[in-house]
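Here is a short report on one protein chain. Please keep the sequence and the 3D view open while reading.

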Amino acid sequence: MTLGIVAPLAYGILALIGGIIGYRQANSKVSLISGGISGLLLIIAAVVQLQGQTWGLTLAAVVTAVLVITFGVRLVKTRKFMPAGLMAILGLVALGTMVNQLVVLR
C-alpha cells in the first residue's frame with residue numbers, strides 16, 4: 001500500500017468523522033452531508049487505487065483540493081483553527097502526497 005493510497009484513505013476517514021462530529025455538536029446537516037460525501041469519495045478513490053486503477057488518485061487529489069480550498073475559506077472567515085485550520089493543513093499534506101504520487105506515475 002503506497003502513500004498515494006494511505007493519504008486519501010486517512011483524509012477520507014477524517015472528513016467522514018468530522019462530518020458526523022459537526023452534525024452531533026452543531027446539529028449541522030451540511031457538515032454531515034458534505035463530510036459524508038467527500039469522505040466516501042476519498043475512501044472509494046483509495047479502494048479503486050488498491051484495485052490498480054490510477055484514476056482513483058486523480059479523483060482523490062481533486063476532492064482533497066476542493067476540501068483544502070473550502071476549509072481555507074472557512075478558516076479565513078471564522079479565524080478559528082479548529083476544525084477548519086487543522087483540516088486545511090492535513091489536507092495540504094495529503095494533497096502534497098497525492099500530487100507527488102501523480103508525478104511519479106507519469
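Start at arginine 79, which follows α3. Its phi is positive, near 55 degrees. Note that this is a predicted model.

**Helix α3**

What length does α3 reach from its first C-alpha to its last? α3 reaches 35 Å with 24 residues. That is close to the 34 Å expected at 1.5 Å a residue. Its buried residues are Gly56, Leu57, Ala60, Ala61, Val63, Thr64, Leu67, Val68 and Phe71. These buried residues pack against α1, α2 and α4.

**Overall build**

The protein has four helices and zero strands. From the N terminus on, the order of elements is α-α-α-α. The radius of gyration is 14 Å, close to the 13 Å that the globule rule gives for 106 residues, so the protein is as compact as a globular protein of that length. Along the principal axes, the C-alpha trace spans about 40 × 20 × 15 Å.

Buried residues account for 37% of the 106 residues. Take the contacts between residues at least 6 apart in sequence: 61% of them join residues at least 24 apart. The accessible surface comes to about 6,500 Å². Carbon and sulfur atoms hold 72% of that surface.

**The nonpolar core**

The largest nonpolar core has 18 residues. Which of them touch the most other members? They are Tyr11, Leu42, Leu67, Phe71 and Met98. α4 gives the most, with seven residues.

Leaving out residues up to four places away in sequence, Phe71 touches Tyr11, Ala84, Met87 and Ala88.

**Glutamine 49**

Glutamine 49 lies in helix α2. Is glutamine 49 buried or exposed? Its relative accessibility is 13%. The cut-off for buried is under 20%, so glutamine 49 counts as buried. What does glutamine 49 touch, not counting residues up to four places away in sequence? The list is Gly4, Ile5, Pro8, Gly56 and Leu57.

Notes
Residues are numbered from 1 along each chain as its sequence is written. This is a predicted model: local features need pLDDT of at least 70, side-chain atom pairs count only at pLDDT 80 or more; totals for chains, interfaces and linings use all residues. Side-chain values use heavy atoms; hydrogens and water are left out. A nonpolar core is a set of buried Ala, Val, Leu, Ile, Met, Phe, Trp, Tyr and Cys residues joined through side-chain atoms within 4.5 Å. Buried means under 20% relative accessible area, exposed over 50%, partly exposed in between (1.4 Å probe, protein chains only). Helices (H or I, at least four residues) and strands (E, at least two) are DSSP runs, numbered from the N terminus. Contact means heavy atoms within 4.5 Å. The radius of gyration is taken over C-alpha atoms; the globule rule is 2.2 Å times the number of residues to the power 0.38. Accessible areas come from the Shrake-Rupley method with a 1.4 Å probe; for residues, only the protein chains shown count as cover. The expected span of a helix is 1.5 Å times one less than its number of residues.
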